[in-house]
Amino acid sequence: MSAVGEMFRRLNPWHKDDVPLPPPITTGTASLLVVLYALSYFVPFYLSPTTRPSPTLSRDAPSVIRARIRSVALSCLVCTAATYTVLARTAGATPAEALHLLGLWPPAPAASLRALLLTALLFLGPLYSTLVVDGAWRDLLTRGPFAEAWTAWPAFRNLIAGPVTEEVLFRTASIPLFVVARASPAQTLFLTPVLFGLAHVHHLYEFRLTHPQVPAARALLRSVFQLGYTTLFGGYATFLFLRTGSLLAVCAVHAFCNCMGLPQVWGRVEPVPVLAGGDIPDTEGRNGGKRALRGAPSILWTVAYYVLLVSGAVLWWKNLWVLSESENALLATEAVWGGGGGQKGVGV
């Protein structure tokens, strides 16, 4: 990794020994490229009848999902190749340096596991609700994690294709541009997440087409809320990518968060209703049939959930810098918002 370290020494504006050379690209150029990348991700959805949303064609239709996966896979390949070209020809990176900046090599499996553990702390309450209250631990033992992703196209999109392609585009292809442009960590942690969140706004149009009965104001509020939490997640994923230098880490965290969904922050905790045959209704509640609960509701479930939710958030905050530490980091620890108490940077 000495060659990679030398490149970061040349490009790193926080290095005090030498006067850094002018950045190979500007922050404005990096931002423009990422905007074009984002457009290339979702604009093709509206150019083909096989992917274009309509009142009669749901985005959850298997044919639409397959076509969209092909489209975004091509976009990710082209955008990553474009960034690699910028790194190699404009920034003068060697192949090893470029692959490191892209988060592709080394994959850093240990750092990825720590990032996943860190994120699981934030979801201690939801994990308890899912595994214990809903009894999903039985399914986990018999079918394994993400088993549904291999049997249903919407689950495959949400748990595998979506996380991988979005992280490739908004982290692998995007973050290295800001690194070589010498954007400040604050700029990098703000600009790319905002663009990531805005890339989801087009779902408002799809939602209005397939749910015309929903008032426009309510649909808009739903879209604003989605923009908010996708932007927050984008900031977190960008932080982890800078800290771990690993695409594997952010893909694993993204898939886990998609699996868990947004945590419940009010109300009683009760088991998920199940059908008479034992199946769980889908998110729209369309499976019909007589519903029942897995067990009798208990106030202790609610107490335990919120205790774990708050405890997990505290543990997450206390371990944010420790569990995201990696020798594969793209920026020195002290360069990222002061390093949470002056920890020494490694690997750069």
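A crossing of two helices is termed right-handed if the near helix is turned clockwise from the far one by less than a right angle, and left-handed if anticlockwise. In the predicted model described here, the crossing of H2 and H8 is right-handed. Two packed helices are described by the angle between their axes and the distance between the axes. For H2 and helix H8 (residues 153-172), the angle is about 155° and the axes are 10 Å apart. Because angles over 145 degrees count as roughly antiparallel, H2 is roughly antiparallel to H8. On the H2 side the contact is made by Tyr 37, Ala 38 and Tyr 41, and on the H8 side by Gly 162, Thr 165, Glu 166, Leu 169 and Phe 170. Five residues of this contact are nonpolar, two are polar and one is charged.

Helix H2 (residues 27-42) also packs with helix H10 (residues 185-198); here the axes come within 10 Å and cross at roughly 25°. H2 and H10 are therefore roughly parallel to each other, and their crossing is right-handed. The residues that meet are Thr 27, Ser 31, Val 34 and Val 35 in H2, and Gln 187, Leu 191 and Leu 195 in H10. The contact of H2 with H10 comprises four nonpolar and three polar residues, with no charged residue. An α-helix has 3.6 residues a turn, so residues three or four places apart point the same way.

A further pair consists of helix H5 (residues 109-122) and helix H13 (residues 247-260), which pack at an angle of about 30° with their axes 8 Å apart. This angle falls under 35 degrees, and H5 and H13 are therefore roughly parallel to each other. The crossing of H5 and H13 is right-handed. H5 contributes Pro 109, Ser 112, Ala 115, Leu 116, Thr 119 and Ala 120 to the contact, while H13 contributes Leu 248, Ala 249, Ala 252, Val 253, Phe 256 and Cys 257. By class, 10 residues of the contact of H5 with H13 are nonpolar, two are polar and none is charged.

The loop between helix H4 (95-101) and H5 contains Pro 106. The peptide bond from Trp 105 to Pro 106 is cis, with omega near -5°. Ala 108 is found in the loop between H4 and H5 as well; its phi is near 55°, a positive value in a residue other than glycine.

Helix H12 (residues 216-244) has 29 residues, which at 1.5 Å a residue should span 42 Å; the end C-alpha atoms are 41 Å apart, in agreement with that expectation. After H12 comes Gly 245, whose phi is positive, near 60°.

In an unreviewed entry, UniProt places the feature "transmembrane region" at residues 30-48, 69-91, 111-133 and 299-317. For residues 30-48, the model gives 68% helix and 0% strand, and the end C-alpha atoms of the span lie 29 Å apart. Residues 299-317 are 100% helix and 0% strand, with the end C-alpha atoms 28 Å apart.

How values were computed: Residues numbered from 1 in each chain as written. Predicted model: local features only at pLDDT ≥ 70, side-chain atom pairs only at ≥ 80, totals over all residues. Heavy atoms only, no water. Axes fitted to C-alpha atoms, helices over the stretch in contact; angles between N-to-C directions. Helix = DSSP H or I, 4+ residues; strand = E, 2+ residues; numbered from the N terminus. Parallel < 35°, antiparallel > 145°, perpendicular 65-115°, else oblique. Contact = heavy atoms within 4.5 Å. Nonpolar A, V, L, I, M, F, W, Y, C, P; charged D, E, K, R; others polar. Expected span 1.5 Å × (residues − 1). UniProt positions renumbered as here; feature names shortened; annotations may be inferred.
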